[in-house]
Number of protein chains: 2
Amino acid sequence: MLFNKISLGGADMKFPSIPDKTPFTPLVVMELAEDTNEEAVTWLTSRIKDTQQSGGAELMIDRLTLDDNQDPKKENQNIFIVGASRERLLVGAEDVGLVKEFNDGSMRGFTYANRENFKGFQGDGDNFLSMAECQFIVKHELDTLRARGETHVPGYPKIRLYPGKSVVRRIQSKGILVQIFPLHDKEELKRLSSMWYQNVQLSFQPLDDIRHYFGESLALYFGFLEYFTLAMVPMALIGMPYYLFDWEDYDKYVLFAVFNLVWSTVFLETWKRFSASLAYSWGTLSRKKAFEEPRPGFHGVLGINPVTGRQEPVYSSTKRQLRIYLVSVPFVLLCLYLSLCVMMVYFSAEGLVLGLHDEEPTFWTSLLLYVPSIIYAVVIEIMNRIYRYAAEFLTDWENHRLESSYQNHLTLKVLVFNFLNCFASLFYIAFMMQDMQLLRQSLATLLITSQILNQFVEAFLPFWLQKRRNKRVHRRSGKVSPDQELPFDQQVMLEADMSTYLGTFDDYLELFLLFGYVSLFSCVYPLAALLAVLNNVTEVYSDALKMCRVFKRPFSEPGADIGVWQLAFESMSVIAVVTNCALIGMSPQMKSYFPDSETQLILVVATVEHVFLAFKFILAFVIPDVPRHIQIKLARVEFESMEALKKKVMYTVESVNTEPVDKVATRFTVCTQL
Amino acid sequence: MLFNKISLGGADMKFPSIPDKTPFTPLVVMELAEDTNEEAVTWLTSRIKDTQQSGGAELMIDRLTLDDNQDPKKENQNIFIVGASRERLLVGAEDVGLVKEFNDGSMRGFTYANRENFKGFQGDGDNFLSMAECQFIVKHELDTLRARGETHVPGYPKIRLYPGKSVVRRIQSKGILVQIFPLHDKEELKRLSSMWYQNVQLSFQPLDDIRHYFGESLALYFGFLEYFTLAMVPMALIGMPYYLFDWEDYDKYVLFAVFNLVWSTVFLETWKRFSASLAYSWGTLSRKKAFEEPRPGFHGVLGINPVTGRQEPVYSSTKRQLRIYLVSVPFVLLCLYLSLCVMMVYFSAEGLVLGLHDEEPTFWTSLLLYVPSIIYAVVIEIMNRIYRYAAEFLTDWENHRLESSYQNHLTLKVLVFNFLNCFASLFYIAFMMQDMQLLRQSLATLLITSQILNQFVEAFLPFWLQKRRNKRVHRRSGKVSPDQELPFDQQVMLEADMSTYLGTFDDYLELFLLFGYVSLFSCVYPLAALLAVLNNVTEVYSDALKMCRVFKRPFSEPGADIGVWQLAFESMSVIAVVTNCALIGMSPQMKSYFPDSETQLILVVATVEHVFLAFKFILAFVIPDVPRHIQIKLARVEFESMEALKKKVMYTVESVNTEPVDKVATRFTVCTQL
């Protein structure tokens, strides 16, 4: 046995029960293709095991031994379990720039040398890092395992390697690495589920626990979902009487719209403050973006990072800008235009069919009435898929250095297209056809069907499928009750079969479109807020279920805010000001106030709209994005780090004259020298 | 003699020629009231001379001895010259957070301990700090000289002192300290003037030299003035044919307006980048705001600054917010309302008088025609003065901790009021009276008269007065030619008599209003840009003349950007989009395109306006505020400082085991310990 089991502290770390066959705490699973050349397997495992000095990842890796009562031919034999020693994880925590609470209550970048001064670090550092953090570190170390002398993957002369190229990414894109995922922790998952969604209760979600298990990005999503829901409750309450008493009075609609606009601005601004507080306590607010490692897919010639001075691939930012502005932007615009054309064709086809039906109403013409809608829905779905694929390809091709930048560009592209697809027809009905009754109808239909469909397709159907699969696995392993624990290898195989969670993108997109339905036409359909609240309450449960039961555990992703979505929601609320003002201006009641001159009406509406927009911007300017007490804490760390930098050279000079405290100290002294 | 002349290096520093009577390089002049109690004088000078350990400023101070051939009774005997040793200045440079170029080309916070590693630091550090920097440091040290045990100013039992209160500020507000100003450097001033304005030439201003002599804030003002002028040249060129060929075609006006709007956005965005480059090379971009010392006028109970951990007065930010939102904002709104009322009264009075004149035109009624304008001008002037006074009082009362924050709040207040006063009548003529001919006339009148008046009142009149005064002083001291050098004491007295420059506020305000004249109604008066360019070219010369010849030298002020003015100019360019779209929509040509429906015209105009606004925001979002190469440099210093912080505790532990390198080192170790 290669690994020293004592130093791993598996039992102390309370990670999944370790089977006798695995000599370390299993964290991450790597599944290689069944027919992988054994030479490549040997090379890969030895590169992963190698020490960092010799360019390896210094992790632990072991092949999963399958239980005897299974047909070994049927199952993939190339499944590997990856883990790491406690010390390696702590050093890795420094590499990924983890920010932890210091003994004095401030949040500081974790360093191995300084580990004893961090809060919650006891003894050897058991329980200091959560399992999600450990898995994130292992993932990071695997991703940054780079080719050195190899010209190709051993056993595969055609799969070439260049110095500095990420090995794992390379074999993943060539199909040798089928998948890589972190393991669930059955015990903790059970605890989390019972707190989170298993008991219907009136309480906030356990955000800290969600973050502990799934990482910051997902916790921020659930935090935003909850915040968004709470923020819509007042709107829903105010909207209810409009429905109950059938208020058709536009004065009241105006009041509702005004409340809506102010409220959405305040809600988005205060969310920024709330998320800053969350991110600060999770240590991601002060995590520096520029020091992120380049994303594994990033390619370029090996050079020196001008910020860190470390060797890594570099790629000209001018080239990237050219690709964005000369290719991606025109492509997106073209797609938007095409989508608009399709919509216009749809509306004219519908008009044509309606005309035909009105002329000679027969059974066939009444059937024909549905044809345009069906074709339109199918075409939209096809376009959506093609566009999504193209957007991913283009964003990949733009070659962004950081994962966050890649995500932002992809999100923006998909967002704009989805916005148009969802709302263009509503805009057409509202402003071209000016048919408020039809608008209300379409809005309600879209809102309700998309909600029901989404939650069904997204959570309950997969949950049911997964449950069936679970049962099958349990039956096969000879255990009938799904409550009984599976043997480790069976559990790994079960998780390997689960679907992969593709990130928060689609969840946010859903909320974004919902926000659009609620705010864009709020003054003609006040009930939308109530429907949205109901949707979000069930969304919390279905999303929680989906995360805990349906999908493989995702790798935790550090995040300080909801990123480009904040901008998207804010833009939506600006557009909502324009649409609501226009809708109110078009109402018959408003027109009756200005019987003589439509011009005056429009001027009044335009003025009110400008005042609102100005008000929104002033409000956004006046409310600070980060609460004051957190600003102070951040400034303090920054101040201290500036002071430390000033003294750095002095200390370096000093330490040359001294016997270094230990080997690590010398290494650090050398790499911080100017 | 107390001071050791050798250590001062006066001759090396090339500062004003030192008279035999003063034992150190004179930097700053403090003028106390003639009848100051001698006890107070003794106390003050000893506090200023005291070492820092015992709470003094550790500066050098000496009474100015007046020449014999003057009547000692006529001149104030309480004029003091303040200077400092070279070492004291270097330590002070660290206190004020000066950022200097490091040996590796990056900009870093200067530290005394690390002085040898900064570029341009040779030998004992002669010429390392510019005279303006030295004067800034002396000013800062005087300002932060705080009362300790004293309960009152000696000799003045009624002027009470509290621990932590700024002594200099106290005696200044009580009239004991009449003024404090830095001395001019005749030699350097002569060199600067010849490069800057004495030879009419086609070249850029010597911004680095201006910064060297006057500090960053002023240099940024002149940089902005130049940039603004250059940016308007294309506008002026395009606007010229409209005037020359008498183009009255609105198609062409639309083209001009479109160019104008896009141009002003681009120009403001690129200025941000340019000013970031300037500020980076001057070391003010990375200077941290939160670590600024509180402004001398700031009062509060002595507490601990939560950022730096240092003792200083603190004041609840909630209280300040309440004062701002419950008192200042309503007051400003009230004043704006009053100003609008006055304008309405003026317009109705003018209408009344015009009616009277039209009924029975006599000599008296034609005289009466001028009365409303005259009264209005006088009332506006009075209101402006009262408002300015009130704004200063209110902002003072808001008790801002930082000078920059005080300035921003004052600027915003005065700005809004001035904007209304200047443009309200133009808006009224444009949109209520819809009289384009009158608008063009008023615009031209306002623009030209304000330019001529401003430059005359602001620069040439004071210059002429100052010249007369100079001659008188020269005559009195027995020297006839004004080119001959005055004796040192005469020179000090001459400068003490010069007017005080009150900051860049009025200069920026002038540019801001000019920008308003050019952009708000650009589509009815394209010639405005040309007039503005001509104005700015002369403005450069008159402002330069004013700074070098008319005013006392101002204390240098570090600044990284033009602050709230950037926002003001950007807001103006947003308002310009709205006004220009509205003006074009109101034009007869446009109306002739939509002969049937005015409604449609307005809708088209409103749509175009929204597209423009969206375009502006997208452009502002897409263009990064700081050029990439400077972003990288900043990130590198930040990265290194984070790395240094991580290692800090380790080094501190280390240095305890070692013999400290010198006394300073131990002091720093202690204060950076956690």
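Modeller: Two strands are said to pair if DSSP finds at least two bridges between them. Strands of a sheet pair through backbone hydrogen bonds, and the pairing is either parallel or antiparallel. With that in hand, the sheet can be read off. Note that this is a predicted model.

In chain A, four strands make up an open sheet, and their order across it is β2-β3-β1-β8. The pairing is antiparallel. The edges of the sheet are β2 (60-63) and β8 (177-182) of chain A; each has a single partner strand, so one side of each is left without a neighbour in the sheet. On average, and with direction ignored, neighbouring strands of this sheet are turned by 20° against each other.

One pairing can be followed in detail. Strand β1 (residues 28-32) of chain A pairs with β8(A) in the antiparallel sense, over five bridges.

Helix α15 (residues 488-497) of chain A lies across β1, β3 and β8 of chain A, and α15 runs at about 110° to β8(A).

Chain A has 674 residues, of which 52% count as buried, and it has 22 helices and 10 strands. Take the contacts in chain A between residues at least 6 apart in sequence: 72% of them join residues at least 24 apart. Chain A exposes about 31700 Å², and carbon and sulfur atoms supply 61% of that area.

An open sheet of four strands in chain B has the order β2-β3-β1-β8, with antiparallel pairing. Here β2 (60-63) and β8 (177-182) of chain B stand at the edges, and each has a single partner strand, so one side of each lacks a neighbour in the sheet. From one strand to the next, the twist averages 20°. Inside this sheet, strand β1 (residues 28-32) of chain B and strand β3 (residues 79-83) of chain B pair in the antiparallel sense over four bridges. Within β3(B), B:Val82 stands opposite B:Val28. Helix α15 (residues 488-497) of chain B lies across β1, β3 and β8 of chain B, at about 110° to β8(B).

B:Arg47 lies in helix α2 (residues 38-49) of chain B. Its relative accessibility is 6%, and buried means under 20%, so B:Arg47 counts as buried. Leaving out residues up to four places away in sequence, B:Arg47 touches several residues, among them B:Gly55, B:Leu145, B:Arg148 and B:Glu150.

Last comes a surface feature with residues from both chains. A nonpolar patch on the surface includes A:Tyr325, A:Leu412, B:Ile618 and B:Phe621, and the whole patch has about 760 Å² of accessible area. At least two of its residues come from each of α10 (317-359) and α13 (403-433) of chain A and α20 (598-622) of chain B. B:Ile618 is placed in helix α20 of chain B. With 51% relative accessibility, B:Ile618 counts as exposed.

Methods: Residues are numbered from 1 along each chain as its sequence is written. Chains are lettered from A and ligands numbered from 1 in the order in which they are written. This is a predicted model: local features need pLDDT of at least 70, side-chain atom pairs count only at pLDDT 80 or more; totals for chains, interfaces and linings use all residues. Side-chain values use heavy atoms; hydrogens and water are left out. Buried means under 20% relative accessible area, exposed over 50%, partly exposed in between (1.4 Å probe, protein chains only). Contact means heavy atoms within 4.5 Å. Accessible areas come from the Shrake-Rupley method with a 1.4 Å probe; for residues, only the protein chains shown count as cover. Axes are lines fitted to C-alpha atoms, for helices over the stretch in contact, and angles run from 0 to 180 degrees between N-to-C directions. Patches are made of residues with over 30% relative accessible area and no salt bridge: like charges are joined within 9 Å, nonpolar side chains (Val, Leu, Ile, Met, Phe, Trp, Tyr) within 5 Å. A salt bridge is a side-chain nitrogen of Lys or Arg within 4 Å of a carboxyl oxygen of Asp or Glu.
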